[in-house]
Amino acid sequence: MGDVAFTVYAPDWTWQKRDVNVLVVLKNGGTAPVDASVQVVLPPGKERDFAVDASKEAEPLRRVLTLSPKETVRRGFTGITAKDGVPLQTYAFAVEVSAGNQKATVAYPMRTIRGEVIG
């Protein structure tokens, strides 16, 4: 997106009752500061299948920042828990990144599974 490059690191599956953690790395390759934002979007209509820990951040699924020239910044999203008792499925998460007046949406499918049962 212009002078800003970004990479999203996230799991493609998780166990129920476990956290989904997403890391976004942004790099401003330009010579001017850039205002940016990153947001994890829960699957539309399936938001209740996840618990989000809001104890550490006012907006736990969104980060707003200014990237200085040549700066690389990492922003993590943690505490997104896949609830138990919900049918196993693949969820249509998304990660939205904006930099300056440009915006990109990365589709992020994530599947829930159950772990082994040991008698």
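This is a predicted model: local features need pLDDT of at least 70, side-chain atom pairs count only at pLDDT 80 or more; totals for chains, interfaces and linings use all residues.
Let me begin with Asn 28, which is buried, with a relative accessible area of 0%. Asn 28 has its place in strand β3, which covers residues 19-28, and its side chain reaches the backbone oxygen of Leu 67 at 3.2 Å. If we leave aside the neighbours within four places in sequence, Asn 28 is in contact with a list of residues that includes Asp 3, Val 4, Pro 33 and Val 34, and also Leu 67, Ser 68, Pro 69, Lys 70 and Glu 71.

Let me turn now to the aromatic rings. A pair of aromatic rings is described by the distance of the centres and the angle of the planes. With ring centres required to lie within 6.5 Å, the count comes to four aromatic pairs. In one of them, the rings of Trp 13 and Trp 15 have centres 4.9 Å apart and planes at 90°, so this pair is edge-to-face. Trp 13 is partly exposed, with a relative accessible area of 35%, and Trp 15 is also partly exposed, at 38%.

The rings of Phe 50 and Tyr 91 have their centres 4.7 Å apart and their planes at 75°, so here too the pair is edge-to-face. This pair links distant parts of the chain, since Phe 50 lies in strand β5 (residues 50-52) and Tyr 91 in strand β8 (residues 90-99), 41 residues apart.

Conventions. Residues are numbered from 1 along each chain as its sequence is written. Side-chain values use heavy atoms; hydrogens and water are left out. Rings of Phe, Tyr and Trp (its six-membered ring) pair if their centres lie within 6.5 Å; planes under 30 degrees apart count as stacked, over 60 as edge-to-face and the rest as tilted. Buried means under 20% relative accessible area, exposed over 50%, partly exposed in between (1.4 Å probe, protein chains only). Helices (H or I, at least four residues) and strands (E, at least two) are DSSP runs, numbered from the N terminus. A polar contact is a pair of N or O atoms within 3.5 Å; within protein, one must be able to donate a hydrogen and the other to accept it, and residues adjacent in sequence count only if both atoms are side-chain atoms. Contact means heavy atoms within 4.5 Å.
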